[in-house]
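The sequence and structure are shown first.

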Amino acid sequence: MDNKTSSDTQNFTINQVNNQHSIGKQARRDLDPKTIAKHLGLFLVTVVTVSLAGAGFVGFEPSLFPLGLPNLSDFYRGALFAGLLLGFLGVHEFGHYFAALYHNIKVTLPYFIPVPLGIGTIGAVIRIKQKINDTYKMFDVGAAGPLAGFVVSLVILLYGFSTLPDASYIENFQGHQEVKEYVAQHGVYPDSPPQETDGQLLMVGNTLLYGFLASFFENVPPMWEMYHYPFLFAGWLGLFFTALNLTPIGQLDGGHILYSLLGYETHKKVARIFFGILITLAGIEAIPFIHLSLGEFDNSYGVLSWIIWAGVLYTLLRKAFHEELDWILPVLGTSMALSAGYLYLYVGDIATSGSLIWVVWSFFIAYLVGVEHPPALRERELTTTRKLLGWVSMAIFILCISPNPLYLI
């Protein structure tokens, strides 16, 4: 090695050490008491909102928060649910956080986001304060959160399955009279939900992993009663949120992972195909919703509903695909055809109940996240271990995603 090369290497090492030292000092400055108090305050408020909302799901005499407050014993049950769910969220976000620190990337502590609706939170996020231009770092930061959160959710779910009470447990809850009578007579839950529910039962969508694990245990509640069981519901939510984050699109965790595995050009095509699948699921939700909302203004075939959805979808795809008609038109046509086939041929009716989760997720990705991952300055082939973990992450996405995750029946 000549003197110039030796000198350059020495200078690079010195600069690298100085850069790490500078980032370390910055990280310590960022963790001042005011900052810690802000993050801790958000976390504590989220604990309260999730406990109150969770009491409505797992409480014996539930009061729907924020319209009413649960009694103290139900609040404690809600607090158990909150501890399980926020434990998963915390491990997931700190997985990202510590991976970022390991690579000397400027990052904030997790922000927990409380809301007085739904399950009491829309999750937690960290903010990375610099662009990650190296695929090794991108992969490590992207994969650390969902893999860590997956392990926690799996443990929660397995504990819930292994400690299940018998079906008579439903007697503790208000309502569900038809189910209670069936359980009292047969000792097990019925195979299908009650005929008259008035939209009061929460249907939780089955997934490949949940169904596989449930097959090994007895007394597993049906998916329309599962939300009463804090360990099962929190575990399922943890796995589903993991799958959402692993969607291999844009700068979601799954986008970082698949980009690192495939590179820019291949990932761009795959991400667009996945977005086409996502908007197809959105159409399956949106068409019945629009049809029911229009009432007598639409005919029995839902022609007006399809026209409205086609317009919305075209606008969405123009944004997602940067007005590239050679992608927009075939994806729009294929998505509409698949949605119609599912609703008319499989379901047999477009006046069905459902949620709008995939509609919201589609707009979130198109307008905030972006379908395509921006190119990294330094693309390196991943190590064998990273490749294995990357494809395991993609398998987790498939095993934990549900086409129709949550809706009332």
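## Nonpolar surface patch

The model is predicted: local features need pLDDT of at least 70, side-chain atom pairs count only at pLDDT 80 or more, and totals for chains, interfaces and linings use all residues. Residues are numbered from 1 along each chain as its sequence is written, and side-chain values use heavy atoms, with hydrogens and water left out.

Helices α10 (303–320) and α11 (325–347) each supply at least two patch residues, and α10 gives the most, with four. Helices (H or I, at least four residues) and strands (E, at least two) are DSSP runs numbered from the N terminus. Ile307 lies in α10 and counts as exposed at 55% relative accessibility. The classes are buried (under 20% relative accessible area), exposed (over 50%) and partly exposed (in between), using a 1.4 Å probe and protein chains only.

## Ser339 in α11

Ser339 lies in helix α11 and is buried, at 0% relative accessibility. A polar atom of the Ser339 side chain lies 3.1 Å from the backbone oxygen of Thr280. Not counting residues up to four places away in sequence, Ser339 touches Thr280, Gly283, Ile284 and Trp306, where contact means heavy atoms within 4.5 Å.

## Salt bridges

The structure holds seven salt bridges, each defined as a side-chain nitrogen of Lys or Arg within 4 Å of a carboxyl oxygen of Asp or Glu. One of them pairs Asp134 with Arg378, with the closest N and O atoms 3.4 Å apart. This pair links distant parts of the chain, 244 residues apart: Asp134 is in the loop between β2 (121–125) and α4 (135–162), and Arg378 in the loop between α12 (357–369) and α13 (384–400). Asp134 is buried at 7%, while Arg378 is partly exposed at 48%. Asp134, Arg378 and Arg380 are linked in a network of salt bridges.

Glu324 and Arg272 also meet in a salt bridge (3.0 Å, N to O). Glu324 lies in the loop between α10 and α11 and Arg272 in helix α9 (residues 264–294), so the pair ties together parts 52 residues apart in sequence. Glu324 is partly exposed at 26%, whereas Arg272 is buried at 0%.

Note on methods: A polar contact is a pair of N or O atoms within 3.5 Å; within protein, one must be able to donate a hydrogen and the other to accept it, and residues adjacent in sequence count only if both atoms are side-chain atoms.
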